[in-house]
Every structure is written in structure tokens, then in C-alpha cells.
Amino acid sequence: MPRRVSADPAARRSRVLEPAEWATAGIPLLRNPRELVGGLHERHGPAFATAVVAVLDPDQRVRASASFTLGTADPDGWRFRHALLVHLRRIVPHDLRLRIPVRTAVLLYCRAGELRWTATDGAWMWGLRDACTLHGLRCGAYLMMNGERWQVLGEERGGRRPGGRPRTSGRTAVTANGERPRAQTVRRPGVARRPAEGRERPRRLPESEDPAGGRGSRSVAASGS
């Protein structure tokens, strides 16, 4: 049976992390947050109310990422945790077999308003921490972004938002091995598509190798020699 979540406001408040709790959680520092934010913004172009979860390897390179939009009218860390787990399971296998996590999950949340902590941020932080525990990952940084700037929560590190102001609505996107999602092309009815001369057709990995499972959100399979 699915787990029932209490609608009690007190229960929801318990699924919110305060900044002081986050500061004592042992969150690893990002080596280059500006580069991380720029890369995730280039791949996902997040709109307002969009969350971007990324999995970093031990060298803090992005190995997989996903972006999605979730309503936050009634912020609840359990609901956010569930959404994060769904996307983590689609983009990377779990590491529960390891005694010590070697990969780290970070979360970038794009919203309107000033970059000050809110209950919504606290619910996302609770959800990220719990989702990492259940997926065998190390809980990493929580970053906030608005129309002008980005900021690492609990740190003095931040900067100007890359790429200008965000769109007003988002879409779900998934990437593997840090690649950028390919743009979709619109084909007119009755017009056959011919490959350009000398251009190699894109290759799709078998479903067993595709971290997104080949279903649902758009995904990019890793290509290489």
C-alpha cells in the first residue's frame, strides 16, 4: 500500500529544514558553483518554479541531471522528496550497495522574489536530503536562482544569472553524462525527412543502458567511441 502522508500542518512543518539545520548537515562545498550553475542553465534553461537536480561524480563533474516543475502552493518536503526520487531513479542507478556514497546530488531551484530562505526552500532541502539517503547518494548543495542572480544557500557565494531572465513556464528534461538535451524539430505532414550528406545519424543506446529508461521525459543518450 502507498504510504499515506499526513495533511496536518504541523507534520508538514516537520518536513522543512531550517538554514541552521542545513549548516550542520555536513554539506560538501562546491569547487566551482559558477561553472555548475552555468552548465545546468545551458542544458535546462529553467523557468520559474523549476527544480534542476544533478548528480556529480567524485570529481564534481555532472553525470546526469533532470529538470521539472512542481507546484509549491503547499510546500511539503515529502512531496518534493518523492518527485526528486522519481527523477533520480530515471537518470542514475542507486548506490545503496556502497557503505559510503561516492556521488553527490545537488539541487538548483529557480523562483521569483529575493534570494532569501523560505519555507519552500526548506521543504526542498528536506526532500533533497531524504531522497539522497534513499538513493545512496551524498546530499550536496542547494542553490537558489531568480530572474537576476543565483546563490548557494548558507554561503556567500553567488553571482549574476546566466542567460538573461527565465521563461514563465518550464518543461521536463533529462540528460545523461552531462550532455545538453537535443532540440525537437517540427516535421510537416507528408514531408519526408532526409539525412544531410556526410552527417551521422544519432545513435540511441539500448534501453538497458539508457539511464532514463527510454520512456517519459526527453533524454539524451551518451555517445562516444
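This is a predicted model: local features need pLDDT of at least 70, side-chain atom pairs count only at pLDDT 80 or more; totals for chains, interfaces and linings use all residues.
Residues are numbered from 1 along each chain as its sequence is written, and side-chain values use heavy atoms, without hydrogens and water. Local features need pLDDT of at least 70 and side-chain atom pairs 80 or more, while totals for chains, interfaces and linings use all residues.

**View 1. Crossing of helix α4 (residues 77–91) and helix α5 (residues 119–135).** Helices are DSSP runs (H or I, at least four residues), numbered from the N terminus. The two axes, lines fitted to C-alpha atoms over the stretch in contact, come within 7 Å and cross at roughly 45°.

**View 2. Residues joining α4 to α5.** Contact means heavy atoms within 4.5 Å. Among the residues that meet are Trp78, Phe80, Leu84 and Leu88 in α4, and Ala123, Trp124, Gly127 and Ala131 in α5.

**View 3. Helix α4 and its buried residues.** 11 of the 15 residues of α4 are buried, so this helix is largely enclosed by the rest of the structure (buried: under 20% relative accessible area, 1.4 Å probe, protein chains only). Arg81, His87 and Arg90 are among the buried residues.

View 4. The buried residues include Asp121, Met125, Cys132 and His135.

Technical notes
Axes are lines fitted to C-alpha atoms, for helices over the stretch in contact, and angles run from 0 to 180 degrees between N-to-C directions. Helices (H or I, at least four residues) and strands (E, at least two) are DSSP runs, numbered from the N terminus. Buried means under 20% relative accessible area, exposed over 50%, partly exposed in between (1.4 Å probe, protein chains only).
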